[in-house]
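Take a look at the chain below before reading on.

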Amino acid sequence: MSTYYPRTKDLTRTRKSVTESPPASPSATDKNYRMYAEALHENEKLKSRLHDSKHELVKIRSQLEKVTQRHERISERSTVLDSEKREKQALEKRVSNMEDELKAVPALAQVRTLRRVNECLLAENRAMLRVLARLSETASMPETEDL
């Protein structure tokens, strides 16, 4: 059983004739004509539904693309935020270390000052000991004039 598919021009003519005027005599041809008309009508409905579905699919794909881009931006932002957090923590740690060093600097300066003062006092103390040693030597020596 072979099926005959009319060419596009024939199909267009047939569609026009189907929609314009059905045949007048009720016969087997009329039943075939009605079946053809129903099939043609069903085909048009299906084409319309297919067109609507394609349009809806395009719309959904567009929405999906927007959502995907939004998620990518959010992901990029969270990655940037994480790296910024790590950088901020590193900088805070560095600042804390520098503050500790600054606190230690006056203590070091004070220690250096105390060492200098201590060295001066030691030098002064040695000088006084030398003077005292000379004075005690001169006091313990007899006078030579009396001789």
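Helices here are DSSP runs of H or I with at least four residues, numbered from the N terminus. The model is predicted. Its chain has two helices and zero strands. Helix 2 covers residues 28–140.

Start with the length of helix 2. How far apart are its end C-alpha atoms? They are 164 Å apart. The 113 residues of helix 2, at 1.5 Å a residue, should span 168 Å, so the two values agree.

Next comes burial. Of the 147 residues of the chain, 3% count as buried. Which residues of helix 2 are buried? They are D30, Y33 and L40. The accessible surface of the chain is about 14300 Å². Carbon and sulfur atoms account for 57% of that area.

D30 also takes part in a charge pair. Side chains of opposite charge can pair when their charged atoms come close. R34 forms a salt bridge with D30. The closest N and O atoms of this pair are 3.3 Å apart, and the cut-off for a salt bridge is 4 Å. By this rule the count comes to one salt bridge.

Why are R34 and D30 about one helical turn apart? The two are four residues apart in helix 2, which means a separation of about one turn. An α-helix has 3.6 residues a turn, so residues three or four places apart point the same way. Are the two partners buried or exposed? R34 has 51% relative accessibility, so R34 counts as exposed. D30 has a relative accessible area of 6%, so D30 is buried. The cut-offs are over 50% for exposed and under 20% for buried.

K66, R70, R73 and R77 form a positive one. R70 lies in helix 2. The relative accessible area of R70 is 45%, so this residue is partly exposed.

Another patch is nonpolar. L129, V131, L132 and L135 make a nonpolar surface patch of about 390 Å². L129 has its place in helix 2. With a relative accessible area of 51%, L129 is exposed.

To recap, helix 2 holds the buried residues D30, Y33 and L40. R34 and D30 are joined by a salt bridge. R70 belongs to the positive patch, and L129 belongs to the nonpolar patch.

How values were computed
Residues are numbered from 1 along each chain as its sequence is written. This is a predicted model: local features need pLDDT of at least 70, side-chain atom pairs count only at pLDDT 80 or more; totals for chains, interfaces and linings use all residues. Side-chain values use heavy atoms; hydrogens and water are left out. Patches are made of residues with over 30% relative accessible area and no salt bridge: like charges are joined within 9 Å, nonpolar side chains (Val, Leu, Ile, Met, Phe, Trp, Tyr) within 5 Å. Accessible areas come from the Shrake-Rupley method with a 1.4 Å probe; for residues, only the protein chains shown count as cover. A salt bridge is a side-chain nitrogen of Lys or Arg within 4 Å of a carboxyl oxygen of Asp or Glu. Lys and Arg count as positive and Asp and Glu as negative; His and the chain ends are not counted. The place of a charge is taken as NZ of Lys, CZ of Arg, CG of Asp or CD of Glu. Buried means under 20% relative accessible area, exposed over 50%, partly exposed in between (1.4 Å probe, protein chains only). The expected span of a helix is 1.5 Å times one less than its number of residues.
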